Amino acid sequence: MTGGAVLQVKDLAVRFGAIEAVRGVSFTLHAGQRVGLVGESGSGKSVTALSMMRLTERAQTTGSILLDGTDVLELSPRRMRSVRGSKIAMVYQDPMSSLNPVHTIGRQIAEAITLHQKISRRDARDRAVELLTEVGVKRPVERLDAYPHQFSGGMRQRVVIAMALAGNPQVL
């Protein structure tokens, strides 16, 4: 890892059988920096992001993905589960695929918080209010008991962002 780099992707290649979805992607992300993956539809942006989270099932992935100096491609599935959310998190494009329609927003955010922190339910609920406030949800205390279908698409996206921030990841 080079000075301040929190994420280094080196020569990433991802294959699904005969299909080469990503070839030779490399970039470095330093603390406080933003990197944008830009390309036409089908160019491998999502596969690259999913690879960083080790969510490309049945894919053959080569290269390296160094997160804080550790190659996530070499982590056991159990260790990788603890890394997701706490060190690296992702905001998915479709918030409804990330939200459970039968649980309140507050419960889902609190679950994301308690997954990575040893805190009481009450403290997790208070933190959920803080996160909703951070992402611009109006009346966050009232909205905790609402269900995903009671939010607009943009507000659901904010909830998903709050959930991603819940574990205080180094990389989002």
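Analyst: Start with what covers the helix. In this predicted model, the cover over the buried residues of H6 includes helix H3 (105–114) and helix H4 (121–134).

User: Which residues of H6 are buried?

Analyst: A helix has a repeat to keep in mind. An α-helix has 3.6 residues a turn, so residues three or four places apart point the same way. In H6, the buried residues are Arg156, Val159, Val160, Ala162 and Ala164.

User: How many residues does H6 have, and how far does H6 reach?

Analyst: H6 spans residues 153–165, which is 13 residues. From first C-alpha to last, H6 reaches 19 Å. That is close to the 18 Å expected at 1.5 Å a residue.

User: Now the helix pairs. At what angle do the axes of H3 and H6 cross?

Analyst: Look at the approach and the angle together. The axes of H3 and H6 come within 8 Å and cross at roughly 25°. Angles under 35 degrees count as roughly parallel. H3 and H6 are therefore roughly parallel to each other. The crossing of H3 past H6 is right-handed.

User: Which residues make that contact of H3 and H6?

Analyst: H3 brings Ile105, Gln108, Ile109 and Ala112. H6 brings Val159, Ala162 and Met163. By class, the contact of H3 with H6 has six nonpolar residues, one polar and no charged.

User: What about H4 and H6: within what distance do their axes come, and at what angle do they cross?

Analyst: Those axes come within 9 Å and cross at roughly 125°. H4 and H6 are therefore oblique to each other. H4 passes H6 in a right-handed crossing. On the H4 side, the contact uses Leu131, Leu132 and Glu134. On the H6 side, Val159, Ala162 and Leu165 take part. The residues of this contact of H4 with H6 are five nonpolar, no polar and one charged.

User: That leaves H3 with H4. At what angle do their axes cross?

Analyst: The axes of H3 and H4 come within 9 Å, crossing at roughly 105°. That angle makes H3 roughly perpendicular to H4. From H3, the contact takes Ile105, Ile109, Ala110, Ile113 and Thr114. From H4, the partners are Ala124, Arg127, Ala128, Leu131 and Leu132. The contact of H3 with H4 has eight nonpolar residues, one polar and one charged.

User: Let me zoom in on threonine 114. Is threonine 114 buried, exposed or partly exposed, and what is it in contact with?

Analyst: Read accessibility, then list the neighbours. Threonine 114 is found in helix H3. Threonine 114 counts as partly exposed because its relative accessibility is 36%. Beyond its neighbours within four places in sequence, threonine 114 is in contact with Ile119 and Ala124.

User: Last feature: backbone angles. What is phi of arginine 58?

Analyst: First the general idea. Most residues other than glycine have a negative phi, and most peptide bonds are trans. Phi of arginine 58 is near 65°, a positive value in a residue other than glycine. Arginine 58 sits in the loop between helix H1 (45–52) and strand E3 (60–67). Arginine 58 counts as exposed, because its relative accessibility is 79%.

User: Where is arginine 139, and what is its phi?

Analyst: Arginine 139 is in the loop between H4 and helix H5 (140–143). Its phi is near 50°, again positive in a residue other than glycine.

Terms used. Residues are numbered from 1 along each chain as its sequence is written. This is a predicted model: local features need pLDDT of at least 70, side-chain atom pairs count only at pLDDT 80 or more; totals for chains, interfaces and linings use all residues. Side-chain values use heavy atoms; hydrogens and water are left out. Helices (H or I, at least four residues) and strands (E, at least two) are DSSP runs, numbered from the N terminus. The expected span of a helix is 1.5 Å times one less than its number of residues. Buried means under 20% relative accessible area, exposed over 50%, partly exposed in between (1.4 Å probe, protein chains only). Contact means heavy atoms within 4.5 Å. Axes are lines fitted to C-alpha atoms, for helices over the stretch in contact, and angles run from 0 to 180 degrees between N-to-C directions. Angles under 35 degrees count as roughly parallel, over 145 as roughly antiparallel, 65 to 115 as roughly perpendicular and the rest as oblique. A crossing is left-handed if the near helix is turned anticlockwise from the far one by less than a right angle, and right-handed if clockwise. Ala, Val, Leu, Ile, Met, Phe, Trp, Tyr, Cys and Pro count as nonpolar, Asp, Glu, Lys and Arg as charged, and the others, Gly among them, as polar.
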